[in-house]
Amino acid sequence: MTTRFSYTLSATDGAARTGVIDTPRGQIRTPAFMPVGTAATVKAMLPESVAATGADILLGNTYHLMLRPGAERVARMGGLHRFMNWDRPILTDSGGFQVMSLAGLRKLTEDGVTFSSHVDGSKHFLSPETSMQIQKLLGSDIVMCFDECPALPATDEAVAASMRLSMRWAQRSRDAFGDRPGHALFGIMQGGVTRELREESAQALQSIGFDGYAVGGLAVGEGQEAMFGVLDYAPGFLPVDKPRYLMGVGKPDDIVGAVQRGIDMMDCVLPSRSGRTGQAWTPRGQVNIKNARHQDDPRPLDEDCTCPCCRGYSRAYLHHVFRAREMISGMLLTWHNLHYYQQLMAGLRDAIAAGRLDAFVADFHARRAEGDI
Ligand SMILES: CNc1nc2cc3nc(NC)[nH]c3cc2c(=O)[nH]1
Ligand SMILES: [Zn+2]
(Lines give C-alpha, C1' and ligand atoms only; values in the text may rest on other atoms or scores of the structure.)
(Ligands and ions follow the chains in the order given, each with its own letter.)
Protein backbone atom coordinates (compact mmCIF):
# COMPACT_ATOMS: atom_id res chain seq x y z
CA MET A 1 0.00 0.00 0.00
CA THR A 2 1.22 3.49 -0.72
CA THR A 3 0.64 6.68 1.23
CA ARG A 4 1.44 8.73 -1.85
CA PHE A 5 -0.24 9.39 -5.18
CA SER A 6 1.86 8.30 -8.15
CA TYR A 7 1.46 7.41 -11.81
CA THR A 8 3.53 4.68 -13.45
CA LEU A 9 3.50 4.49 -17.25
CA SER A 10 4.01 0.84 -18.22
CA ALA A 11 3.61 0.73 -22.03
CA THR A 12 2.82 2.89 -25.04
CA ASP A 13 1.48 2.12 -28.51
CA GLY A 14 1.69 5.20 -30.70
CA ALA A 15 0.26 8.08 -28.66
CA ALA A 16 -1.72 5.65 -26.49
CA ARG A 17 -0.49 4.70 -23.00
CA THR A 18 -1.28 2.15 -20.36
CA GLY A 19 -0.20 2.33 -16.73
CA VAL A 20 -1.25 2.45 -13.10
CA ILE A 21 -2.11 5.25 -10.69
CA ASP A 22 -1.26 4.26 -7.13
CA THR A 23 -3.32 5.88 -4.38
CA PRO A 24 -3.73 5.13 -0.64
CA ARG A 25 -7.16 3.66 -1.49
CA GLY A 26 -5.92 1.38 -4.22
CA GLN A 27 -4.71 1.25 -7.79
CA ILE A 28 -6.35 2.73 -10.88
CA ARG A 29 -5.53 0.85 -14.09
CA THR A 30 -5.27 3.21 -17.05
CA PRO A 31 -6.79 3.86 -19.48
CA ALA A 32 -9.61 4.05 -16.93
CA PHE A 33 -13.31 4.78 -17.20
CA MET A 34 -14.94 6.39 -14.16
CA PRO A 35 -18.66 5.71 -13.58
CA VAL A 36 -20.46 8.85 -12.43
CA GLY A 37 -21.82 8.74 -8.87
CA THR A 38 -23.44 12.16 -8.92
CA ALA A 39 -25.29 12.37 -5.58
CA ALA A 40 -23.23 9.77 -3.70
CA THR A 41 -24.64 6.91 -5.74
CA VAL A 42 -24.07 5.43 -9.17
CA LYS A 43 -27.75 5.42 -10.01
CA ALA A 44 -29.46 1.98 -9.93
CA MET A 45 -26.24 0.27 -8.77
CA LEU A 46 -24.97 -0.97 -5.41
CA PRO A 47 -21.32 0.01 -4.80
CA GLU A 48 -20.31 -3.66 -4.77
CA SER A 49 -21.98 -4.04 -8.17
CA VAL A 50 -20.02 -1.07 -9.51
CA ALA A 51 -16.82 -2.71 -8.20
CA ALA A 52 -17.86 -6.02 -9.82
CA THR A 53 -17.99 -4.34 -13.23
CA GLY A 54 -14.25 -3.63 -12.86
CA ALA A 55 -14.36 0.06 -11.97
CA ASP A 56 -11.30 1.13 -9.96
CA ILE A 57 -12.52 4.68 -9.33
CA LEU A 58 -15.75 6.64 -9.51
CA LEU A 59 -16.66 10.29 -9.86
CA GLY A 60 -18.62 12.43 -7.38
CA ASN A 61 -20.15 15.81 -8.19
CA THR A 62 -19.30 18.71 -5.89
CA TYR A 63 -22.24 20.82 -7.11
CA HIS A 64 -24.85 18.18 -6.21
CA LEU A 65 -23.26 17.12 -2.90
CA MET A 66 -22.77 20.68 -1.62
CA LEU A 67 -26.47 21.36 -2.17
CA ARG A 68 -27.70 18.02 -0.84
CA PRO A 69 -26.86 16.59 1.71
CA GLY A 70 -24.13 19.27 2.17
CA ALA A 71 -20.37 18.72 2.34
CA GLU A 72 -20.27 19.35 6.12
CA ARG A 73 -22.84 16.60 6.71
CA VAL A 74 -20.88 14.16 4.51
CA ALA A 75 -17.75 15.04 6.54
CA ARG A 76 -19.60 14.46 9.82
CA MET A 77 -20.65 11.04 8.51
CA GLY A 78 -16.99 10.11 7.89
CA GLY A 79 -16.48 11.43 4.38
CA LEU A 80 -17.84 10.41 1.00
CA HIS A 81 -16.17 6.96 0.88
CA ARG A 82 -17.74 5.90 4.18
CA PHE A 83 -21.01 7.68 3.46
CA MET A 84 -21.60 5.86 0.16
CA ASN A 85 -19.80 2.63 1.13
CA TRP A 86 -17.17 2.84 -1.62
CA ASP A 87 -13.65 2.31 -0.29
CA ARG A 88 -11.80 2.65 -3.60
CA PRO A 89 -10.59 5.95 -5.10
CA ILE A 90 -13.03 8.78 -5.77
CA LEU A 91 -12.46 11.80 -8.02
CA THR A 92 -14.66 14.82 -7.38
CA ASP A 93 -15.20 17.54 -9.91
CA SER A 94 -15.00 21.13 -8.70
CA GLY A 95 -18.57 22.25 -9.32
CA GLY A 96 -18.18 25.04 -11.84
CA PHE A 97 -19.23 23.12 -14.90
CA GLN A 98 -22.50 22.01 -13.32
CA VAL A 99 -23.28 25.45 -11.96
CA MET A 100 -23.22 26.64 -15.58
CA SER A 101 -25.50 23.86 -16.74
CA LEU A 102 -27.83 23.26 -13.78
CA ALA A 103 -28.07 26.23 -11.45
CA GLY A 104 -30.29 29.24 -11.90
CA LEU A 105 -29.46 32.89 -11.55
CA ARG A 106 -25.67 33.01 -11.74
CA LYS A 107 -23.23 35.87 -11.26
CA LEU A 108 -19.67 35.24 -12.46
CA THR A 109 -16.86 37.50 -11.25
CA GLU A 110 -13.08 37.18 -10.87
CA ASP A 111 -13.74 36.00 -7.34
CA GLY A 112 -16.10 33.15 -8.17
CA VAL A 113 -19.68 32.20 -9.03
CA THR A 114 -22.82 33.08 -7.08
CA PHE A 115 -25.82 30.93 -7.95
CA SER A 116 -29.13 29.63 -6.69
CA SER A 117 -29.67 25.94 -6.06
CA HIS A 118 -31.78 23.99 -8.56
CA VAL A 119 -32.97 21.98 -5.55
CA ASP A 120 -34.46 24.69 -3.32
CA GLY A 121 -33.42 28.04 -4.75
CA SER A 122 -30.98 28.73 -1.88
CA LYS A 123 -28.00 31.00 -2.62
CA HIS A 124 -24.48 29.59 -2.89
CA PHE A 125 -20.99 30.77 -3.79
CA LEU A 126 -18.28 28.72 -5.46
CA SER A 127 -14.70 29.84 -5.89
CA PRO A 128 -11.34 28.09 -6.04
CA GLU A 129 -11.10 28.42 -2.27
CA THR A 130 -14.61 27.18 -1.42
CA SER A 131 -14.38 24.37 -3.97
CA MET A 132 -11.12 23.12 -2.44
CA GLN A 133 -12.70 23.27 1.03
CA ILE A 134 -15.81 21.37 -0.11
CA GLN A 135 -13.76 18.68 -1.86
CA LYS A 136 -11.60 18.34 1.26
CA LEU A 137 -14.74 17.85 3.40
CA LEU A 138 -15.92 15.19 0.93
CA GLY A 139 -12.53 13.52 1.26
CA SER A 140 -12.04 12.61 -2.40
CA ASP A 141 -8.67 11.21 -3.47
CA ILE A 142 -8.43 13.28 -6.66
CA VAL A 143 -9.53 16.92 -6.48
CA MET A 144 -10.25 19.03 -9.58
CA CYS A 145 -9.29 22.69 -9.91
CA PHE A 146 -12.12 25.18 -9.97
CA ASP A 147 -12.40 26.31 -13.58
CA GLU A 148 -14.78 27.82 -16.07
CA CYS A 149 -15.88 25.88 -19.13
CA PRO A 150 -17.04 28.39 -21.75
CA ALA A 151 -20.35 27.64 -23.46
CA LEU A 152 -20.24 27.17 -27.22
CA PRO A 153 -20.42 28.95 -29.60
CA ALA A 154 -17.84 31.40 -28.30
CA THR A 155 -15.52 33.89 -29.97
CA ASP A 156 -11.76 33.35 -29.79
CA GLU A 157 -11.55 36.40 -27.52
CA ALA A 158 -14.17 34.97 -25.16
CA VAL A 159 -12.46 31.58 -25.10
CA ALA A 160 -9.09 33.23 -24.44
CA ALA A 161 -10.48 35.38 -21.62
CA SER A 162 -12.25 32.41 -20.07
CA MET A 163 -9.14 30.23 -20.30
CA ARG A 164 -7.00 32.90 -18.65
CA LEU A 165 -9.54 33.26 -15.84
CA SER A 166 -9.39 29.49 -15.36
CA MET A 167 -5.59 29.66 -15.19
CA ARG A 168 -5.78 32.32 -12.45
CA TRP A 169 -8.31 30.09 -10.69
CA ALA A 170 -5.95 27.13 -11.12
CA GLN A 171 -3.24 29.02 -9.20
CA ARG A 172 -5.75 29.89 -6.46
CA SER A 173 -6.92 26.25 -6.37
CA ARG A 174 -3.33 25.09 -5.97
CA ASP A 175 -2.70 27.62 -3.18
CA ALA A 176 -5.92 26.70 -1.35
CA PHE A 177 -5.39 22.94 -1.77
CA GLY A 178 -2.26 23.07 0.39
CA ASP A 179 -0.15 20.03 1.17
CA ARG A 180 -2.30 16.88 1.37
CA PRO A 181 -0.12 13.73 1.05
CA GLY A 182 -1.97 10.90 -0.67
CA HIS A 183 -4.41 13.32 -2.25
CA ALA A 184 -3.99 14.66 -5.78
CA LEU A 185 -4.94 17.95 -7.39
CA PHE A 186 -5.56 17.95 -11.15
CA GLY A 187 -5.36 21.05 -13.32
CA ILE A 188 -7.83 21.54 -16.18
CA MET A 189 -6.68 22.71 -19.60
CA GLN A 190 -8.99 25.05 -21.43
CA GLY A 191 -8.67 26.94 -24.72
CA GLY A 192 -11.58 25.72 -26.83
CA VAL A 193 -10.54 24.38 -30.24
CA THR A 194 -7.68 26.87 -30.68
CA ARG A 195 -4.24 25.26 -30.69
CA GLU A 196 -2.36 28.35 -29.44
CA LEU A 197 -4.78 28.81 -26.53
CA ARG A 198 -4.54 25.13 -25.63
CA GLU A 199 -0.75 25.38 -25.60
CA GLU A 200 -0.83 28.54 -23.51
CA SER A 201 -3.16 26.82 -21.03
CA ALA A 202 -0.97 23.70 -20.82
CA GLN A 203 2.12 25.82 -20.15
CA ALA A 204 0.33 27.87 -17.51
CA LEU A 205 -0.80 24.72 -15.71
CA GLN A 206 2.64 23.13 -15.81
CA SER A 207 4.22 26.26 -14.38
CA ILE A 208 1.89 25.87 -11.40
CA GLY A 209 2.44 22.10 -11.18
CA PHE A 210 -0.25 19.44 -10.74
CA ASP A 211 -0.47 15.70 -10.02
CA GLY A 212 -2.50 15.18 -13.18
CA TYR A 213 -3.96 17.21 -16.01
CA ALA A 214 -7.48 17.24 -17.41
CA VAL A 215 -8.50 18.34 -20.88
CA GLY A 216 -11.59 20.45 -20.25
CA GLY A 217 -13.82 22.45 -22.53
CA LEU A 218 -14.65 19.49 -24.76
CA ALA A 219 -17.73 17.26 -25.14
CA VAL A 220 -19.78 20.43 -24.99
CA GLY A 221 -21.42 20.06 -28.40
CA GLU A 222 -18.41 20.59 -30.66
CA GLY A 223 -18.83 17.14 -32.22
CA GLN A 224 -16.44 14.19 -32.43
CA GLU A 225 -14.41 15.49 -35.35
CA ALA A 226 -13.62 18.81 -33.64
CA MET A 227 -12.93 17.02 -30.35
CA PHE A 228 -10.51 14.58 -31.99
CA GLY A 229 -8.95 17.53 -33.79
CA VAL A 230 -8.02 19.05 -30.42
CA LEU A 231 -6.96 15.67 -29.03
CA ASP A 232 -4.61 15.23 -32.00
CA TYR A 233 -2.33 17.80 -30.33
CA ALA A 234 -3.53 18.80 -26.82
CA PRO A 235 -2.40 15.73 -24.82
CA GLY A 236 1.05 16.20 -26.33
CA PHE A 237 1.29 19.60 -24.59
CA LEU A 238 1.00 17.81 -21.23
CA PRO A 239 3.69 16.01 -19.19
CA VAL A 240 4.29 12.39 -20.21
CA ASP A 241 4.66 11.23 -16.59
CA LYS A 242 1.29 12.47 -15.31
CA PRO A 243 -2.24 11.16 -15.96
CA ARG A 244 -4.38 12.91 -18.58
CA TYR A 245 -8.12 13.06 -17.92
CA LEU A 246 -10.66 13.91 -20.63
CA MET A 247 -13.78 15.22 -18.90
CA GLY A 248 -17.27 14.07 -19.85
CA VAL A 249 -16.40 11.50 -22.53
CA GLY A 250 -18.16 9.60 -23.89
CA LYS A 251 -19.67 7.16 -26.37
CA PRO A 252 -17.60 3.96 -26.89
CA ASP A 253 -16.11 5.24 -30.14
CA ASP A 254 -15.24 8.58 -28.47
CA ILE A 255 -13.39 6.64 -25.78
CA VAL A 256 -11.44 4.52 -28.27
CA GLY A 257 -10.41 7.61 -30.24
CA ALA A 258 -9.42 9.51 -27.09
CA VAL A 259 -7.28 6.63 -25.82
CA GLN A 260 -5.59 6.39 -29.22
CA ARG A 261 -4.67 10.08 -28.82
CA GLY A 262 -3.07 9.70 -25.38
CA ILE A 263 -5.91 10.07 -22.85
CA ASP A 264 -5.65 7.99 -19.63
CA MET A 265 -8.92 8.69 -17.76
CA MET A 266 -12.50 9.50 -18.74
CA ASP A 267 -15.90 9.87 -17.10
CA CYS A 268 -19.37 9.97 -18.61
CA VAL A 269 -22.99 9.59 -17.49
CA LEU A 270 -23.84 7.86 -20.79
CA PRO A 271 -23.65 4.17 -19.76
CA SER A 272 -25.71 4.72 -16.61
CA ARG A 273 -28.11 7.37 -17.94
CA SER A 274 -28.78 5.52 -21.21
CA GLY A 275 -29.27 2.28 -19.25
CA ARG A 276 -32.19 3.92 -17.48
CA THR A 277 -33.68 4.97 -20.82
CA GLY A 278 -33.54 1.45 -22.23
CA GLN A 279 -30.39 1.79 -24.31
CA ALA A 280 -27.75 -0.97 -24.15
CA TRP A 281 -24.27 -0.74 -25.60
CA THR A 282 -22.67 -3.86 -27.09
CA PRO A 283 -19.60 -4.60 -29.26
CA ARG A 284 -21.96 -4.86 -32.24
CA GLY A 285 -23.70 -1.54 -31.56
CA GLN A 286 -26.71 -0.30 -29.61
CA VAL A 287 -29.86 -2.13 -28.54
CA ASN A 288 -32.90 0.04 -27.85
CA ILE A 289 -34.80 -2.43 -25.72
CA LYS A 290 -38.11 -0.54 -25.95
CA ASN A 291 -38.28 -1.47 -29.64
CA ALA A 292 -41.14 -3.95 -30.18
CA ARG A 293 -38.92 -6.28 -32.19
CA HIS A 294 -37.29 -7.43 -28.94
CA GLN A 295 -40.51 -8.56 -27.25
CA ASP A 296 -40.22 -12.24 -28.30
CA ASP A 297 -36.44 -12.43 -28.54
CA PRO A 298 -35.05 -15.10 -26.18
CA ARG A 299 -31.44 -14.03 -26.71
CA PRO A 300 -29.49 -11.88 -24.21
CA LEU A 301 -28.37 -8.40 -25.18
CA ASP A 302 -24.96 -9.82 -26.12
CA GLU A 303 -24.30 -13.59 -26.42
CA ASP A 304 -20.67 -13.09 -25.42
CA CYS A 305 -21.26 -10.84 -22.43
CA THR A 306 -20.67 -12.33 -18.95
CA CYS A 307 -22.59 -9.69 -16.97
CA PRO A 308 -25.56 -10.75 -14.75
CA CYS A 309 -27.99 -9.15 -17.21
CA CYS A 310 -26.73 -11.20 -20.17
CA ARG A 311 -26.28 -14.36 -18.09
CA GLY A 312 -29.78 -14.30 -16.68
CA TYR A 313 -32.22 -12.38 -18.84
CA SER A 314 -33.59 -12.34 -22.38
CA ARG A 315 -34.29 -9.32 -24.53
CA ALA A 316 -37.96 -10.29 -24.23
CA TYR A 317 -37.73 -9.94 -20.46
CA LEU A 318 -35.78 -6.68 -20.65
CA HIS A 319 -38.33 -5.30 -23.13
CA HIS A 320 -41.15 -6.27 -20.76
CA VAL A 321 -39.69 -4.76 -17.59
CA PHE A 322 -38.72 -1.59 -19.44
CA ARG A 323 -42.24 -1.17 -20.80
CA ALA A 324 -43.66 -1.96 -17.35
CA ARG A 325 -41.32 0.67 -15.86
CA GLU A 326 -40.00 -1.88 -13.38
CA MET A 327 -36.91 -0.79 -11.37
CA ILE A 328 -35.04 -3.92 -12.41
CA SER A 329 -34.95 -2.53 -15.96
CA GLY A 330 -32.62 0.33 -15.07
CA MET A 331 -30.62 -1.92 -12.75
CA LEU A 332 -29.92 -4.59 -15.36
CA LEU A 333 -29.20 -2.27 -18.30
CA THR A 334 -26.99 -0.01 -16.17
CA TRP A 335 -25.04 -3.02 -14.92
CA HIS A 336 -24.65 -4.33 -18.47
CA ASN A 337 -23.53 -0.95 -19.83
CA LEU A 338 -20.98 -0.33 -17.07
CA HIS A 339 -19.70 -3.89 -17.51
CA TYR A 340 -19.36 -3.32 -21.26
CA TYR A 341 -17.49 -0.03 -20.72
CA GLN A 342 -15.06 -1.71 -18.33
CA GLN A 343 -14.56 -4.61 -20.73
CA LEU A 344 -13.74 -2.06 -23.44
CA MET A 345 -11.19 -0.37 -21.13
CA ALA A 346 -9.61 -3.73 -20.25
CA GLY A 347 -9.37 -4.57 -23.94
CA LEU A 348 -7.71 -1.23 -24.65
CA ARG A 349 -5.24 -1.66 -21.78
CA ASP A 350 -4.30 -5.17 -22.93
CA ALA A 351 -4.00 -4.12 -26.57
CA ILE A 352 -1.69 -1.21 -25.74
CA ALA A 353 0.43 -3.42 -23.46
CA ALA A 354 0.75 -5.95 -26.31
CA GLY A 355 1.46 -3.31 -28.97
CA ARG A 356 -1.60 -4.31 -30.99
CA LEU A 357 -3.88 -1.30 -30.48
CA ASP A 358 -4.38 -0.71 -34.21
CA ALA A 359 -5.72 -4.26 -34.66
CA PHE A 360 -7.97 -3.85 -31.61
CA VAL A 361 -9.40 -0.58 -32.94
CA ALA A 362 -9.92 -2.02 -36.43
CA ASP A 363 -11.83 -4.95 -34.91
CA PHE A 364 -13.80 -2.56 -32.66
CA HIS A 365 -15.06 -0.65 -35.67
CA ALA A 366 -15.53 -3.67 -37.94
CA ARG A 367 -17.93 -5.35 -35.45
CA ARG A 368 -20.22 -2.36 -35.06
CA ALA A 369 -23.33 -2.35 -37.19
CA GLU A 370 -25.16 0.89 -37.66
CA GLY A 371 -28.50 1.47 -35.93
CA ASP A 372 -30.44 -0.75 -33.58
CA ILE A 373 -29.27 -4.36 -33.45
C1 LIG B 1 -15.02 20.52 -13.22
N2 LIG B 1 -14.59 21.26 -14.41
C3 LIG B 1 -14.96 20.90 -15.63
N4 LIG B 1 -15.83 19.90 -15.81
C5 LIG B 1 -16.18 19.56 -17.09
C6 LIG B 1 -17.12 18.55 -17.28
C7 LIG B 1 -17.52 18.23 -18.58
N8 LIG B 1 -18.44 17.35 -19.04
C9 LIG B 1 -18.44 17.49 -20.38
N10 LIG B 1 -19.27 16.80 -21.22
C11 LIG B 1 -20.28 15.93 -20.70
N12 LIG B 1 -17.55 18.41 -20.81
C13 LIG B 1 -16.95 18.91 -19.69
C14 LIG B 1 -16.01 19.91 -19.50
C15 LIG B 1 -15.63 20.25 -18.20
C16 LIG B 1 -14.69 21.31 -17.95
O17 LIG B 1 -14.17 21.97 -18.88
N18 LIG B 1 -14.39 21.61 -16.67
ZN1 LIG C 1 -24.15 -7.92 -20.51
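**View 1. Spacing and geometry of the zinc site.** In sequence, the residues that donate to the zinc ion (ligand 2) follow the pattern C-x1-C-x2-C-x25-H. They are Cys305 (SG), Cys307 (SG), Cys310 (SG) and His336 (ND1), at 2.1 to 2.3 Å from the ion; donors here are N, O and S atoms within 2.8 Å of the metal (3.2 Å for Na, K and Ca), with water not among the atoms. The angles among the four donor atoms run from 103 to 113°, and the site is tetrahedral (four donors, all angles between 85 and 135 degrees). Cys305 and Cys310 are both buried, meaning under 20% relative accessible area with a 1.4 Å probe, protein chains only (exposed is over 50%).

This is a predicted model, where local features need pLDDT of at least 70, side-chain atom pairs count only at pLDDT 80 or more, and totals for chains, interfaces and linings use all residues. Residues are numbered from 1 along each chain as its sequence is written, chains are lettered from A and ligands numbered from 1 in the order written, and side-chain values use heavy atoms, without hydrogens and water.

**View 2. One face of helix H15.** Have a look at H15 (residues 357–366), where Leu357, Phe360, Val361 and Phe364 are buried; helices are DSSP runs (H or I, at least four residues) and strands likewise (E, at least two), numbered from the N terminus. Viewed down the axis, the buried residues of H15 fall within an arc of 95°, so they line one face of the helix (the arc uses directions from the helix axis to the C-beta atoms). Exposed Asp358, Ala359 and Ala366 sit on the face turned away from that buried side.

Technical notes. Four donors count as tetrahedral if all angles lie between 85 and 135 degrees; four count as square planar and six as octahedral if opposite donors are over 155 degrees apart and all others between 65 and 115; anything else is irregular.
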